[in-house]
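Work through the exercises below with the sequence and the model open. Each task is followed by a solution in steps.

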Amino acid sequence: LPQERGGNNSFTHEALTLKYKLDNQFELVFVVGFQKILTLTYVDKLIDDVHKEFRDKYRNEFQQKGTLGLLNGTFDFKDDFLRLLREAEESSKVRAPTVMKTFEQSVKSQKTVKCMIETRGEKPKEKVKTKKNKGSKKEGVETVTASNKAAPGEKQPSSAGDKEELTKDEILQKNREEFFKRHMKAGEKSSKSPKPDTQKEKGKKPRVWDLGNSNAKVLDYSDSTTNGNSEACPVEEFDPDVALGDRNREPGRLYDLEYESDEEAEEEKVIQNTSKPSTKKGGLGGMFGMLKGLVGSKSLTREDMDPVLEKMKDHLIAKNVAAEIAVQLCESVAKKLEGKVMGTFTTVTSTVKQALQEALVQILQPQRRVDVLRDVMDAQRHRRPYVVTFCGVNGVGKSTNLAKISFWLIENGFSVLIAACDTFRAGAVEQLRTHTRRLNALHPPESHGGRTMVQLYEKGYGKDAAGIAMEAISYARNQGFDVVLVDTAGRMQDNAPLMTALAKLIAVNAPDLVLFVGEALVGNEAVDQLVKFNKALADHSMAQTPRLIDGIVLTKFDTIDDKVGAAISMTYITSKPIVFVGTGQTYCDLRSLNAKAVVAALMKA
């Protein structure tokens, strides 16, 4: 219930199934628990009966005894519950099979022989009559529309009486002829258009750019002496300001996401939108229209909330929340508010919106906060490296955000070993090597007492990723590195062999943190990716309790403006926190999630 999953009224935990019902008027929750293996058909009836009986009894005793009397006295419900349980069990017992009707009891036996005799030609005649009547109706409609069209232009001199004399087939034939005539005229006009004198030459020609170089040899960089050799590669010259971004920031600090919203303006818009339809219908002025939307100390019903929830659902989907999750969220909010007594000067729209905002903040605030720095220091005390594995689909920015996290860890004084376990994608190792060179240039060993703060562990391409990760962790333990960041190959969630390889890497090396890297641009695909990644890790793991995704890195957040729905979709489907948010191209563009800022962007009109 705190995770806003109240749309579904059942919950399964190991061998138990729990079904629950909310009473928002008295703020009560009724829960019934039973063995999952049992198929009890009377559970819904039992929970409804208990809810009704308990509520009425509680209300009556409260009215008779008052608050103090009820608190000091005893409230016994055991006998009532056992009676209701017995009644529910008896009602669900297998009933005797229904006896078939005899022929005398059937409707057919009451018919006479005369009414069952069919005279040849009677029924088809009736059908023809009805068809003619329908045809005449359609002809009447057609004549009215034709006369209306002819009236303003006075181009059709034929009267409505002439058309009534024509049959349906003749009218259709006439319409077809007129249609073909119009299109033939249009074709003649288009054929008379002047043709260009110069015809284009057939075949493709290579495009030559004005500032380009036609010599292909200039662009050939496949020199065998320098390809893949780190010593032969020249040291890159780059501007540290470009790589770092903001120089005024505090080193090693992970800033929160920022978003400014004008809530007062939004509230005004909501009130205007709710008052507009009522003024059109009533016509009694703006004041009466505004008061019509107010709920005067009455309990909310589903009918009151349905129009508002429908708009909220469409709004969430437009903001990139997965459609399935938007429906579940609105259903959860409806169940939470149904039957709740509202204040006098409160609109249904503002009440539903406030409840939805609270639900969204609750979803984004994790059950367990992942504090990477604290966990790294704890691993240091045990004299072992802290291992983080990155996984995700192709092209979401795993290697780039791994480099950003490396930079953040280095600024906090931790040494990092990057394990290049993407042995499939061409250029993956070279990309990490470039990041390692740049990070070492920004934090040279001289600034850290001669200690190399970041190093790359790679074995080339085509090797077993799980084996490379194991060797890297062993190397980091021997060399005294604080953190190992394992980069894996991008893979689609439907690719079974690659998902098996990822599950093997995680099961064999048992990392401290498994991060799923997902981009903020996705909508419904986010749900599919996370569900299938978790399912693959559970299915292909040999452990009793399989290792699943621990947290999320949300990338490309700077490209979506206020369409931040992917954050809701990912956290809702996994109940895991968003640990890092990537917001740009520099090493400093890494943020922690601010739930209120994301919800403000999401609720913006």
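Ala, Val, Leu, Ile, Met, Phe, Trp, Tyr, Cys and Pro count here as nonpolar, Asp, Glu, Lys and Arg as charged, and the others, Gly among them, as polar. The model is predicted: local features need pLDDT of at least 70 and side-chain atom pairs count only at pLDDT 80 or more, while totals for chains, interfaces and linings use all residues. Residues are numbered from 1 along each chain as its sequence is written, and side-chain values use heavy atoms, with hydrogens and water left out.

**Exercise 1. The cavity**

Task: find which residues line the largest cavity, and sort them by class.

Solution. A cavity is a set of points, on a 1 Å grid over the protein atoms alone, where a 1.4 Å probe fits but cannot get out; lining residues have an atom within 4 Å of a point. Searching the whole structure gives one cavity of 30 Å³ or more. The largest cavity holds about 30 Å³ of space. Its lining consists of Val372, Val388, Ile405, Leu409, Leu485, Leu513, Leu515 and Phe580. Two or more of these residues come from each of helix 14 (398-411) and strand 9 (513-519). Helices (H or I, at least four residues) and strands (E, at least two) are DSSP runs, numbered from the N terminus. Sorted by class, the lining has eight nonpolar, no polar and no charged residues.

**Exercise 2. Helix 12 and its two partners**

Task: describe how helix 12 packs against helix 20, and then against helix 11.

Solution. Start with helix 20 (residues 595-603): its axis lies 9 Å from that of helix 12 (residues 348-364), at an angle of about 140°. Axes are lines fitted to C-alpha atoms, for helices over the stretch in contact, and angles run from 0 to 180 degrees between N-to-C directions. Angles under 35 degrees count as roughly parallel, over 145 as roughly antiparallel, 65 to 115 as roughly perpendicular and the rest as oblique. Helix 12 is therefore oblique to helix 20.

Next, list the contact, meaning heavy atoms within 4.5 Å. Helix 12 contributes Lys353, Leu356, Gln357, Leu360, Val361 and Leu364, and helix 20 contributes Ala595, Val598, Val599, Leu602 and Met603. The classes are nine nonpolar, one polar and one charged.

Now take helix 11. The axes of helix 11 and helix 12 are 10 Å apart, at an angle of about 120°, so this pair is oblique as well. Leu329, Val333 and Leu337 of helix 11 meet Thr351, Val352, Ala355, Leu356, Ala359, Leu360 and Ile363 of helix 12. That contact has nine nonpolar, one polar and no charged residues.

**Exercise 3. Helix 16 and helix 17**

Task: what is the angle between helix 16 and helix 17, and which residues touch?

Solution. Helix 16 (residues 465-479) and helix 17 (residues 496-509) cross at roughly 25°, their axes coming within 9 Å. Helix 16 is therefore roughly parallel to helix 17. Ala465, Ala466, Ala469, Met470 and Ile473 of helix 16 touch Lys504, Leu505, Val508 and Asn509 of helix 17. By class there are seven nonpolar, one polar and one charged.

**Exercise 4. Backbone angles**

Task: where are asparagine 320 and lysine 556, and what is the phi of each?

Solution. Most residues other than glycine have a negative phi. Asparagine 320 has a positive phi of about 85° and sits in the loop between helix 10 (302-318) and helix 11 (323-337). Lysine 556 has a positive phi of about 55°; its loop runs between strand 10 (551-555) and helix 19 (565-574).

Definitions and conventions: On a 1 Å grid over the protein atoms alone, a cavity is a set of points where a 1.4 Å probe fits but cannot get out, and a pocket is an open set with protein on both sides within 12 Å along at least five of seven lines; lining residues have an atom within 4 Å of a point. Grid points are joined across faces, edges and corners, and a volume is the space filled by probe spheres set on the points.
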